[in-house]
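Q: Could we go through this structure together, starting with how its helices pack and then turning to its aromatic rings?
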4 protein chains.
Amino acid sequence: MNFKLLHPEDIWPDKYFHSLDKYSFGVWNMNPGGGRFFKANRKWISTNTKLDLLADAGVEYIEAHDTDLLDLVLGEKAADIVGYPEDMSESEKMALMKKAATKFKDELAKRGQKCGVFTMNLFNSEKEWNFGNYGSEVDEVQRLAIQRTLAGIEAAVEIVNAQVYVYWVGSNGTDGLFSAFHPKRISRTREALVEIMDKSVAKYGDKMCPFAFEPKPEEPKFKMYYGTAASALACVFRITLERPDLGKFMGLNIEVAHSLMGKTDPAMDYGEALEAGKLFHIHENAQGEPAFDRDLAAGDDSLVSLVDRMWQLKVAGYKGLLGADVQPLPQDRDDQMSATIIRTKRRVAWAVEQAKKLDDTIMKKLQANHDQAGILDYLDEVVFSMK
Amino acid sequence: MNFKLLHPEDIWPDKYFHSLDKYSFGVWNMNPGGGRFFKANRKWISTNTKLDLLADAGVEYIEAHDTDLLDLVLGEKAADIVGYPEDMSESEKMALMKKAATKFKDELAKRGQKCGVFTMNLFNSEKEWNFGNYGSEVDEVQRLAIQRTLAGIEAAVEIVNAQVYVYWVGSNGTDGLFSAFHPKRISRTREALVEIMDKSVAKYGDKMCPFAFEPKPEEPKFKMYYGTAASALACVFRITLERPDLGKFMGLNIEVAHSLMGKTDPAMDYGEALEAGKLFHIHENAQGEPAFDRDLAAGDDSLVSLVDRMWQLKVAGYKGLLGADVQPLPQDRDDQMSATIIRTKRRVAWAVEQAKKLDDTIMKKLQANHDQAGILDYLDEVVFSMK
Amino acid sequence: MNFKLLHPEDIWPDKYFHSLDKYSFGVWNMNPGGGRFFKANRKWISTNTKLDLLADAGVEYIEAHDTDLLDLVLGEKAADIVGYPEDMSESEKMALMKKAATKFKDELAKRGQKCGVFTMNLFNSEKEWNFGNYGSEVDEVQRLAIQRTLAGIEAAVEIVNAQVYVYWVGSNGTDGLFSAFHPKRISRTREALVEIMDKSVAKYGDKMCPFAFEPKPEEPKFKMYYGTAASALACVFRITLERPDLGKFMGLNIEVAHSLMGKTDPAMDYGEALEAGKLFHIHENAQGEPAFDRDLAAGDDSLVSLVDRMWQLKVAGYKGLLGADVQPLPQDRDDQMSATIIRTKRRVAWAVEQAKKLDDTIMKKLQANHDQAGILDYLDEVVFSMK
Amino acid sequence: MNFKLLHPEDIWPDKYFHSLDKYSFGVWNMNPGGGRFFKANRKWISTNTKLDLLADAGVEYIEAHDTDLLDLVLGEKAADIVGYPEDMSESEKMALMKKAATKFKDELAKRGQKCGVFTMNLFNSEKEWNFGNYGSEVDEVQRLAIQRTLAGIEAAVEIVNAQVYVYWVGSNGTDGLFSAFHPKRISRTREALVEIMDKSVAKYGDKMCPFAFEPKPEEPKFKMYYGTAASALACVFRITLERPDLGKFMGLNIEVAHSLMGKTDPAMDYGEALEAGKLFHIHENAQGEPAFDRDLAAGDDSLVSLVDRMWQLKVAGYKGLLGADVQPLPQDRDDQMSATIIRTKRRVAWAVEQAKKLDDTIMKKLQANHDQAGILDYLDEVVFSMK
């Protein structure tokens, strides 16, 4: 029997049926600012206020980390807590998480919204993540990462009905030269993934939600394991080689800024995943060159590249959400809390429109001849109306 | 009369007389960790504990931001405050700063330490810095940055007798494409510098301390004005063209990681400043490639390049301090609070020793022929004892 | 007396009077292709054919290296020669150069074209440049570089009446770590520049043409001296400090791809030079991220950034030429020899038009508040007609 | 049956049995220099002279492109030919290639040398490669790339008995944004690989030689398909999913400079391939940061990182050759033709020695705790004898 990679819309026809027309943003895409080099410039706002702002912006699908939602239970005091309250036991924390997820589901329903992405915060929710997550050689850290993910998938499937569960690689990386015997950390990472998928698929069967890897090459750590789109894809294939029953539920969430941080072309990363039926979700934004993680609005660096990406999605028949991961600028005012989101959504919509204007027969012919000069002339004319 | 650039040791013979034998680290080089992607892994420790640790490590010169020292007055509650207490007036804040600086001076004296660098925090001490500092088009922000700096120079000269007052460019940059008409922001930045230097030199005359620009190309902002060593040097020359009386007190503090973030060779940046008599201070550390600001221990990326830098300093007769700016790794334990400092100091000392082992006659002859292959053979033999 | 930096249009009112309406391309922007990793895909064409193609494209100002023009004297056999014929003496070479420059002038005149840039090839015209040029520690190499440049300036002023003489830093750099004591190479480079300017200004006085430094951070060498726009500017200021009579004739030719290779924002580099009255010429093109020198058509990476640059020029009142330095793509056909030139010119014109559409009162107000979100909303509306 | 990735030493026990003690360099690692920005500084030397120089340097395994060897048949006139003589038919070219390969085998035997790598030049041997190779949409280009590779594998297996046949991705990439619908080019590339492997394995069965992908992220083209180690690995896994009989013969040749150009850590890339039993060969060299392809001697940027890589190989039990791909520096003299090779070999040997000095029990324990500070202290002591 010949192996076949499945397309997500074949596995989850009810989830993957969009036509480049549904947007998905994170509640963490609005925040007070601040950090290592800044003091917060904006007031804290509640999850409910965020959902209102997203609804105002016409955003139907919402993404959230577990820890983003705790204020739905704890109220305003959540503003002062990084991650979970330190005095809680693990089971209390997970009980709190499920309660918050349930409230989240209700709040979404009230506004006609749905959960785009659910993901467990494996970076600043606990001190443990300073030591990595799935691939950590510290057993308790690896164990906690697995358990949290299982709880997160449970919430994603049973409570919020997320389009995708996302695993962002986070701190699962190195601290510089010599920090690890890499094959060991890579094996441990994959073993954890297999355990997570094995238990989840055993539990949910066909109701298992899409599990999407979100690679990032660096930051917070020096370099991350499975930190590029291609490396994450290699991991999915590798698992598929041994456990096709698990691999079929695994795919990628490719983030534009992460690709650019690692000097790969995000359009090409999209293409590599699309060709394998493994592009489960996207995170549009902008970055420009390799640098710190900027999370700018899509198109802030280049609209041409944004149209290229949307055109790849169009021609490939991508059926997922138009997700994005963007941050307010440091100096954005309280009344500009959702400005980056609005700008991103407007431009992605514009870019989809441009991509649709490009005649595929013409494009195909030009590309068949590798006639890049001709392609760009055609683009200037159709998209930018240059004479 | 022919213009002459002065060397720092000609202007401040009492300050610039070292022989690559005195180390300078910041109290901020020990901290609990945490941030955008991590939860703090270590306990907060007081300035006094930090000074003890630095003394244990054999560090004689200490660097500090104003805001690092507030616990000397406020005690442990300073641990929970980012920057200055929000309910204080500006004059109360500056009074607190001077009080803390005075305590700092006393604590240094107790331990036989001296102030290497004093610098005002123009990044996360106030919300205003979200809008830049000297070059901000918001007048109140620019004004506050000037006043704070004047107060800082006062503390540096009159209280702590710092070897160097440092201006790190911080957030004085852009937010991406179109964010400013660049000539305007550049002019404003230089005007602020001229005002600061003019007032300070008028006040202190020959007692004026060295004022060192610390460039950084990006992070926190998209790109910073005068953000590279060469650009900061151009600024100093430009001011010198119009106000040689001010320019002579201005020089650079070049940080290795900042050079590498901007793809310049830090050894070459050192050289460019040394050639002009403008290398007032250095910040050794490591980074590797362009990426987020890693502040690794010197040599964590390459010992060869560290020896190169020390060799440039040796041959040029650099008389300043061997300063560094490094951070603990995320997972460093409480008992490893100063591990990065100790590693850096050990390696810098080792590299100075290697640089001294290189015979300058041999090096000169090889370099005169651009015989890079010969140079590297010689280096392998002398420094790394390769056969 | 207060020092004043002059604007190029004050020194050369007859040369700097354009209004973002005159284009300048190099004859070397058309070529057969090939190189380290490719075999040439196109036929060799003569300088006359190139001038015809540029005339067809509406390009009025032409840029050339000395060695590009030798076929005007030697005919087709020049196609097989890299640089000058090896069997000629130096005086024969320079005689050939002047003869070729004279023919060039005549051919330009025939077509109503003028010389935008004249520059001496200090890279692959002779083996000597493997050892650098002005800053070489090999005396004969430095001497040859100075003599060639003096001959080039003579041709620029007396024969072709170039708008600008350009010195591209070329191979004047390092071979990696330890390759030089940097202050020495930097001093030698500046000394050579002073000698060149001193002799040329003594000879031509007010008829001296603008001398523009073209920095490039790396490639062919590891890192280049005065290799960034800011570093070249620092050099000009430094010379001006000691020799204002020479410094006033010196400025920059900033190339977009070179800025991007060094991780600086070309719009900011333009701005830094404009603020000092030192932007003598520009080389538009595209690159994207730091990588090998791509010389793509302007806008191939981002049209937004191209509009930003044109807007900086507009607001600053830049009076120079709209120069560019682009290469055909490897697979461009014989009939696409000038495709990259045509694409670049079309887009630069489009971007100037967009820049003019932006209302400066609105932009000024938004920028005065650092309201980047507002700026980008305005841009999307005015330039890209997004709703 | 459970899928098992095989280690190369299981498949080819006669080829993969080394103990980090055999070196492999390319005949192309000695050359006259020159190129886009330089004129050649050294005289052309014959393949036989190169083999002598390599023998003098103690290099036992030799790597070659088909086109490097043509002088063995054509004599000195080969010096003036790029690729194959243009007036030959394809069958004449391949006959010439086989004749040259046969001579190569004989010359190796004379000197007690063996063939480390055999590879077909799919970049500057023909004009066709301007349009890519395996993934080209131009059918004749793809077809020629397949045929050439089949001929190359034939020579590798039947004539020179190469340790590895290498496919360097070369020009199989994009020309910038919009240049292709990426899934199509990726599919075509993989299809070509499958055809090549299918025919070769059918022909040679267990005598099939290892086929190693050598990824490179960019240069000559904008971005390359399967251009990173992880992406090439994903390709191998993908093929293995459908054709495990072919996939088992496919692995990677990871080149340090290529990893660094793409901002991945080469030690981690080694690790990722080692973990999968897919590291068939390595190309050591140096690069530093992302930039043009520098091909410096191993360790020219960092000896610490070189020791890290050798340590990964040691712990993983790598049984392949210590291959390298380095270039002379532009100004290297005729008598320094093999200087970069000698420097590389010396340092790799030194680094292997250092790696062996590290006590694995100590390293394991430190790494198990993610104690990077402890690891680096241990390293400084053992490798660099720092106190």
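A: The answers below concern a helix pair and several aromatic residues in a predicted model.

Q: At what angle do α6(A) and α7(A) pack?
A: Helix α6 (residues 182–204) of chain A packs against helix α7 (residues 229–242) of chain A at an angle of about 60°, and their axes are 11 Å apart. The two helices are therefore oblique to each other.

Q: And in which hand does α6(A) pass α7(A)?
A: The crossing is right-handed.

Q: Which residues meet there?
A: From α6(A), R190(A), L193(A) and V194(A) meet C235(A), R238(A) and I239(A) of α7(A). The residues of this contact comprise 4 nonpolar, no polar and 2 charged.

Q: Changing topic, how many aromatic pairs are there over all chains?
A: The structure holds 62 aromatic pairs over all chains. Among them is W12(C) with Y16(C): the ring centres lie 6.1 Å apart and the planes meet at 50°, so the pair is tilted.

Q: Are those two residues buried or exposed?
A: W12(C) is buried, with a relative accessible area of 3%. Y16(C) also counts as buried, at 3% relative accessibility.

Q: What about W350(C) and F384(C)?
A: Their ring centres are 6.2 Å apart with planes at 50°, so this pair is tilted. The pair links distant parts of the chain, 34 residues apart: W350(C) lies in helix α12 (residues 339–357) of chain C, and F384(C) in the segment after α14 (372–382) of chain C. Both W350(C) and F384(C) are buried.

Q: Back in chain A, which residues form one aromatic cluster?
A: The cluster consists of W12(A), Y16(A), F249(A) and F280(A).

Definitions and conventions
Residues numbered from 1 in each chain as written. Chains lettered and ligands numbered in written order. Predicted model: local features only at pLDDT ≥ 70, side-chain atom pairs only at ≥ 80, totals over all residues. Heavy atoms only, no water. Axes fitted to C-alpha atoms, helices over the stretch in contact; angles between N-to-C directions. Helix = DSSP H or I, 4+ residues; strand = E, 2+ residues; numbered from the N terminus. Parallel < 35°, antiparallel > 145°, perpendicular 65-115°, else oblique. Left-handed = near helix turned anticlockwise from the far one by under 90°. Contact = heavy atoms within 4.5 Å. Nonpolar A, V, L, I, M, F, W, Y, C, P; charged D, E, K, R; others polar. Phe/Tyr/Trp six-rings, centres within 6.5 Å; stacked < 30°, edge-to-face > 60°. Buried < 20%, exposed > 50% of the residue type's maximum accessible area, 1.4 Å probe, protein only.
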